[in-house]
There are 2 protein chains.
Amino acid sequence: MSDVNLSLTEAHELAVRVLTQNGCDNQNAVAVSDTMIAAERDLCHSHGLFRLPGYVASLRSGKVNGNAKPKVEKLAPSVLRTDGNNGYAPLALKAARDPLAECAMETGIAAMSLINIHHFSALWVEIESLTEKGLCAMAFTAYTPSVAPAGGTRPFYGTNPMAFGWPRTNKPPMIFDQATATQARGEVMIAARDGHVLPAGVGIDAKGNPSTNPNEVLEGCLLPFGGYKGASIALMIELLVGPLIGERCSYEAESADNHDGGPPRGGEILIAMNPQRFGTQDPYAHAERLFTALLEMDGTRLPGDRRVQNRAKSAQNGIFVPQSLHDKIQSFL
Amino acid sequence: MSDVNLSLTEAHELAVRVLTQNGCDNQNAVAVSDTMIAAERDLCHSHGLFRLPGYVASLRSGKVNGNAKPKVEKLAPSVLRTDGNNGYAPLALKAARDPLAECAMETGIAAMSLINIHHFSALWVEIESLTEKGLCAMAFTAYTPSVAPAGGTRPFYGTNPMAFGWPRTNKPPMIFDQATATQARGEVMIAARDGHVLPAGVGIDAKGNPSTNPNEVLEGCLLPFGGYKGASIALMIELLVGPLIGERCSYEAESADNHDGGPPRGGEILIAMNPQRFGTQDPYAHAERLFTALLEMDGTRLPGDRRVQNRAKSAQNGIFVPQSLHDKIQSFL
């Protein structure tokens, strides 16, 4: 089967139509589609339209509020919170961005917690707009258990991605976004769908034995990147998006979820810093010198630069959706 | 040669005597000794008395100001800065702690940058006192190039450790402290001293080939933990302690250093968050439930718990210093 070629506008319209016909209001449908199509555009397929069936499932099961109205409040001079009203993360993040940026601009560093959201998207999309305002930003979220802790053989941590972004003048920001799993669960799901074998070290099967079969790993669990050090970062993320902000840790999200295939309820935290409030002359120029020095070494590149290259290609050529996924999406209409 | 057994008090007095006789005032000598002996006590030998010769070298060469008087200032409502007056990090950190804690208590999240310091110690020591005040804290610092970037074969990043701490009631805090190098450079130095072989994947030799010989790796470079993901974290740390706060990145610290064997000038950043300002009921009890759930799985443990166990042993048995190191230390008197 060949892929279906869609322009970015066509893909976005399709996603909005599917979401609105399955219980989302227009605001929520547009926000979710914005992040899904941004991922498609940058060729992060695992966080693109591939997620649409999960969104639909969670609307149809009634788990997620497709008409959510997120509310932002200030909890302390440098801490804000967005209550997502049991909806999807993207609209909550849209509501959260400007208040967070304004707070960080003023106080130098600010945190935004997001609670009562269902997170199913790529993190880098979410901090891009903060970096475009000249802020340095971090984002963390958990998921449901899919990664073994150090020394363990069963899933406990979520894939627990973290993103970090640094603003650049007249250039796309430098942003990395990485799961603390060796691979993102979405990538393993794609490998399973496409019949690919996983690299060694990515995961173990249900009995705790190493496996390169994506289906076995989806039934077993992923391993943290870099062994116990990646596991420490996974634990840090559980603490930041669970106990710190008063939302569910991965293991709690799992037991509360209805397993409809959509995203569980969970939390997220964003931290934004204003480099212009740290007493330095020109933090941005200094960072450019660092990037230049790094790129002078053969074989190196900046994290996220492939995404930026892909973006330019997709603007021209549109995106390519596997026929089977396209058929599935059409069936929701 | 057998080891020399010293009580914690004897070891501390010895370190203070060596430092004061080589150019430190009492305040700086005590602060440096506090962190060195805390590391010895917790059996982190690579950051214990093993560092004393480097401290002495940097005092004798005149690179570091042994009489530094750190100054703290507020740059924004949630951003503080400590100027270390070209001294060692420990006294600057001592000055920084209470103002940072007070600021985070009030605004919910606060950052403290440290500039004009020479950092040669373990990070976990530095955030322990913040966690003891009920704060969640992070610390980052760079060093001089010893880790290859993703795709590269020459040192560019420092070992770039990060630490994260979470407070616990009636228990030592949960703190991890890990280099973004596969191993800390200090551990490789210890392996070289003791004639041990390194695990595969720790480093490459000067020609870029994998090596398990610690001397070859010290001449070549360390690899980041977890491949490109660890390298991303190393880059994040360079940005946080270089451009963001206006101090030297690892590659800049190297070219400015006099290579006396002591620590280069560099920066550090601490971020403290007050879990009681994030709108949750009982963040500490929630975290305890997470720890309990994690420890129910066979083979797991909390990061840093060995350090706490070692601490109890050292309080009873004192510490054991290799005769060769003890001889060297004596030669400084």
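What follows is a short tour of chain A, the contact between the chains, and one helix pair.

Keep in mind that this is a predicted model. Chain A has 12 helices and 12 strands, and its radius of gyration of 19 Å is close to the 20 Å that the globule rule gives for 333 residues, so chain A is as compact as a globular protein of that length.

**Chain A overall**
- Along the principal axes, the C-alpha atoms of chain A fill a box of roughly 55 × 45 × 45 Å.
- Of the 333 residues in chain A, 59% are buried.
- Take the contacts in chain A between residues at least 6 apart in sequence: 65% of them join residues at least 24 apart.

**Where the chains touch**
- The contact draws on 57 residues from chain A and 57 residues from chain B.
- On chain B, several elements each supply at least two residues of the side that touches chain A, among them strand E3 (79-88), strand E4 (109-118) and helix H10 (283-295).
- H8(B) gives the most to that side, with seven residues.
- Sorted by class, the side of chain B that touches chain A has 33 nonpolar, 18 polar and six charged residues.

**A helix pair in chain B**
- Helix H4 (residues 89-107) of chain B packs with helix H5 (residues 124-131) of chain B at an angle of about 30°, and their axes are 10 Å apart.
- The crossing of H4(B) and H5(B) is right-handed.
- From H4(B) come Leu93(B), Arg97(B), Leu100(B) and Ala101(B), which meet Glu126(B), Ser129(B) and Leu130(B) in H5(B).
- Those contact residues divide into four nonpolar, one polar and two charged.

Methods: Residues numbered from 1 in each chain as written. Chains lettered and ligands numbered in written order. Predicted model: local features only at pLDDT ≥ 70, side-chain atom pairs only at ≥ 80, totals over all residues. Contact = placed C-beta atoms within 7 Å. Helix = DSSP H or I, 4+ residues; strand = E, 2+ residues; numbered from the N terminus. Nonpolar A, V, L, I, M, F, W, Y, C, P; charged D, E, K, R; others polar. Axes fitted to C-alpha atoms, helices over the stretch in contact; angles between N-to-C directions. Left-handed = near helix turned anticlockwise from the far one by under 90°. Rg over C-alpha atoms; globule rule 2.2 N^0.38 Å. Buried ≥ 20, exposed ≤ 12 C-beta atoms within 10 Å, placed from the backbone.
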